[in-house]
Amino acid sequence: MNAVFNPSALSSSLKESLEEIGKAKTSQDLEAARSKYFGSQGIFSLASKSIGSLDKDKRKEAGEFFGKCKKEFDSAFLKKKEEVEAEEERGRLRAETVDMTLPFTRFPMGSLHPITLVKREMEHFFTSLGWSLGDGPEVEHAWYNFDALNFPPDHPARQMQDTFYMAPQDCNLVLRTQTSSTQVREMISSPLPLYTASIGRVFRSDPLDAFHSPVFHQCEGLAVDEGLSVADLKGVLKALVSSLFGGGKVRLRPSYFPFTQPSFEMDMLLEGSGKWVELAGAGMVHPNVLKSAGVDPEKYTGFAFGIGIERVAMLKYGIKDMHDLVEGDVRFSHQFAMGD
Ligand code: PHE
């Protein structure tokens, strides 16, 4: 850079610098001009350093000239800076403007799944009868899922429910195939008399199709008291069906479960079509099951029932295909209830 103090060169630099300031559109443009002319390596800064090497009589004049240039530059710079910053602020405000008159996008609402709706209704039904609610583990010891429920080791009934066994084979853990696994747990851990319901997931190695799913939900009801009979069982089932479906006839058909004696299937009469549909397994708790839990079968009797929640949801809401229940599309759930 020119280290010699040359007023005429500086005058034309000043003119150039003022033109650059005039053209500046942004704070960055302004800053670039400032650094080009008055930054540490700028033309004017270098020239001002050379003042000291001038003859004494020239120094004052050069100093004054430099001061005048700087003053002119600074005042043009500051004036333009105000304009540019005001314009930049206007631009920012424009960009942030919210048009209050535009139609708004609703925040997408979730929705309760029909399984949750049925589950809540059932919980409400049982608690309003004064029953307790319980649950057990999904990974269950085979003893609770089978042995304590009177399934002898080689009994073909074990094959009634296609079981997922946990590895290693001798750990004796299964994914519970039924919520009946909670029966003995409840009897062991609660004082008698006992009125309890548990709703939870169960697992069977069925492929997913329109009516089956390898993971589904059951509600298990269990009552243990003195003098309970099939009449009590039927009364509770009838009340449950009418609370879920707003009425409806039920019937008990003889059936077989290792843990109940006698055992039944409970059917419900479908409104309109006159068809009976199977809704639940049920029965009087087998004395061996009471004994497994340390309950005296001479003194106490019990009844139990297990209802498939998916089945209830499908009948209640007219759902035709299990896939709809498991796919988790919120548009499907929206049809039954908005989130609450
Ligand atoms: N656990 C049985 C099933 O999954 C249903 C059931 C429960 C039957 C309680 C009788 C008593 O098929």
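The paragraphs below go from the domains to helix packing, ring contacts and backbone geometry.

This is a predicted model, in which local features need pLDDT of at least 70 and side-chain atom pairs count only at pLDDT 80 or more, while totals for chains, interfaces and linings use all residues. Residues are numbered from 1 along each chain as its sequence is written, and side-chain values use heavy atoms, with hydrogens and water left out.

The protein is divided into domain 1, covering 7-96, and domain 2, covering 114-334; domain bounds of this kind come from an automatic or database domain assignment. Between the C-alpha centres of domain 1 and domain 2 there are 87 Å.

Helices and strands are named from DSSP runs numbered from the N terminus (helices are H or I with at least four residues, strands E with at least two). Helix H1 (residues 7-23) packs with helix H2 (residues 27-38) at an angle of about 170 degrees, and their axes are 9 Å apart. Axes here are lines fitted to C-alpha atoms, for helices over the stretch in contact, and the angles run from 0 to 180 degrees between N-to-C directions. H1 and H2 are therefore roughly antiparallel to each other. The classes are set by angle: under 35 degrees is roughly parallel, over 145 roughly antiparallel, 65 to 115 roughly perpendicular, and the rest oblique. H1 passes H2 in a left-handed crossing. A crossing is left-handed if the near helix is turned anticlockwise from the far one by less than a right angle, and right-handed if clockwise.

The crossing of H5 and H8 is right-handed.

Helix H4 (residues 56-96) contains Glu87. With a relative accessible area of 35%, Glu87 is partly exposed; buried means under 20% relative accessible area, exposed over 50%, and partly exposed in between (1.4 Å probe, protein chains only). Glu87 and Lys25 are 62 residues apart in sequence, yet their C-alpha atoms are 9.0 Å apart in space. Elsewhere, the charged end of Lys70 sits over the ring of Phe38, 5.2 Å from its centre. The criterion is that NZ of Lys or CZ of Arg is within 6 Å of the ring centre and within 35 degrees of the ring normal. Likewise, the charged end of Arg185 sits over the ring of Tyr144, 4.0 Å from the ring centre.

Next come the aromatic side chains. The structure holds 19 aromatic pairs. Rings of Phe, Tyr and Trp (its six-membered ring) pair if their centres lie within 6.5 Å; planes under 30 degrees apart count as stacked, over 60 as edge-to-face and the rest as tilted. The rings of Trp131 and Phe303 have centres 6.3 Å apart and planes at 45 degrees, so this pair is tilted. Trp131 lies in the loop between helix H5 (114-128) and strand E1 (132-134), and Phe303 in strand E9 (residues 301-308), so the pair ties together parts that are 172 residues apart in sequence. Both Trp131 and Phe303 are buried. For Phe146 and Phe151, the ring centres are 5.0 Å apart and the planes are at 70 degrees, so the pair is edge-to-face. Phe146 counts as buried at 0% relative accessibility, and Phe151 counts as buried at 2%. Ring pairs also link Phe125, Phe126, Trp131, Tyr195, Phe303 and Phe305 into a cluster.

Strand E9 is also the place of Ala304, which counts as buried at 3% relative accessibility. Ala304 and Gly246 are 58 residues apart in sequence and 22 Å apart in space, C-alpha to C-alpha.

The backbone has several points to check. Most residues other than glycine have a negative phi, and most peptide bonds are trans. A cis peptide bond joins Ala167 and Pro168, with omega about -10 degrees; Pro168 is found in the loop between helix H6 (142-145) and strand E3 (173-175). Another cis peptide bond joins Leu192 and Pro193, with omega about -5 degrees, and Pro193 lies in the loop between helix H7 (181-189) and strand E4 (194-203). Asn150, in the loop between H6 and E3, has a positive phi near 70 degrees. Asn172 lies in the loop between H6 and E3 and has a positive phi near 60 degrees. At 42% relative accessibility, Asn172 counts as partly exposed.
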